Every structure is written in structure tokens, then in C-alpha cells.
Amino acid sequence: MTLEEQINTDLKAAMMAKDEVRLRGVRAIKSAIIIAKTEKGANGVISPEKEVQMLQKLVKQRRDSITEFEKANRTDLIAKEQEEVAVIEKYLPAMMSEDEVREVVKAAIASTGATTQKEMGKLIGVVSKQLAGKADNKMIADTVKSLLN
């Protein structure tokens, strides 16, 4: 079952259950799918990798909003965003732990021979391609930075 089919099924279930929280999250995903399918060059098809990137982007947007709402002391809006993050994350594949990312970064350091901070960008590029959709880019960058120091 594709993500779009799963979302359509879950949207109907959320409507029938009158689950407003799940309904908001699923509608956000459905909207992003429609936008992605109509982008230039998409031809109405979204690859699984693009689906994961799209979901990660939705989560990141909401986390950024949470940060801004915390600065403005808007607890009512923070709660809504956190609920949507929880719904969207259910559709994401399991993320790698920090220890697993550290092992991949160590292997990449060994294979590329990177030893200084100047080579950090090249190393992050290699690891990010390898872990696309499996680990958070911020965690990858932090791990690379700590291991190169």
C-alpha cells in the first residue's frame, strides 16, 4: 500500500471517528502529497524517497513553529503543533539511533580519510546521501563535527 493510499484510508477513518487531531495531521500529509504530485517533472508519481523527505519536511516545519510559539509564549498553538508532529511521525520509517549514526560516520571518515574541520562539508554530504531518510540531518552534522574534533 502506497503512502497516498494509506493516507486516504486513514483520512476516512479519522473522519468517521471524529478525531480532530489525527484529521489535521493526515490532511497536512494529503495536501503535501497533492502538491508533490503536481510539481514540474513529477508526472503524478512520488518516489518512496521523496515521500520520506516530504514527511520529514512537514515535521521540521512544525518543530520550527513550536520553537517560534515558545518564544511568543503561545502554549495553545504549541500543543496543536506537537499533536500534528506525533501524527506525521507515525508515517515515517524508524530513525537510526545516535550510536548507529556514529558508526556510519566513523566508517565514512575511514573511507574518505577526512581528518579536519575543513573536510566536514564533504563528509556530511557522503553520510547524508547514505542515511537519507534514516537519520536527522542535524544529528548527522553534530556527529560529524564531534568526531572531527
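Analyst: A crossing of two helices is called right-handed if the near helix is turned clockwise from the far one by less than a right angle, and left-handed if the turn is anticlockwise. In this model, which is predicted, the crossing of α2 and α3 is right-handed.

User: What makes Lys-18 count as exposed or buried?

Analyst: Exposed means a relative accessible area over 50%, and Lys-18 has 67%, so Lys-18 is exposed. Lys-18 lies in the loop between α1 and α2, and its phi is positive, about 55 degrees, although Lys-18 is not a glycine. Most residues other than glycine have a negative phi.

User: How do you know whether Asn-73 is exposed or buried?

Analyst: The relative accessibility of Asn-73 is 62%, which passes the cut-off of 50% and therefore makes Asn-73 exposed. Asn-73 sits in the loop between α3 and α4, and Asn-73, although not a glycine, has a positive phi of about 60 degrees.

User: Which residues of the largest nonpolar core touch the most other members?

Analyst: This core has 23 residues, and those touching the most other members are Leu-3, Ile-7, Ile-29, Ile-33, Leu-55 and Tyr-91. The elements giving two or more residues to this core are α1 (3–17), α2, α3 and α4 (75–89). Such a core is a set of buried residues, and buried means under 20% relative accessible area, so Tyr-91, as a member, falls under that cut-off. A second, separate core has 16 residues, including Met-120, Leu-123, Ile-124 and Ile-140.

User: What is Tyr-91 in contact with, leaving aside its neighbours within four places in sequence?

Analyst: Tyr-91 is in contact with Leu-3, Gln-6, Ile-7, Asp-10, Val-26, Ile-29 and Leu-55.

User: How many helices and strands does the chain have?

Analyst: The chain has seven helices and zero strands, and buried residues make up 34% of its 149 residues.

Technical notes. Residues numbered from 1 in each chain as written. Predicted model: local features only at pLDDT ≥ 70, side-chain atom pairs only at ≥ 80, totals over all residues. Heavy atoms only, no water. Helix = DSSP H or I, 4+ residues; strand = E, 2+ residues; numbered from the N terminus. Core = buried A, V, L, I, M, F, W, Y, C linked by side-chain atoms within 4.5 Å. Buried < 20%, exposed > 50% of the residue type's maximum accessible area, 1.4 Å probe, protein only. Contact = heavy atoms within 4.5 Å.
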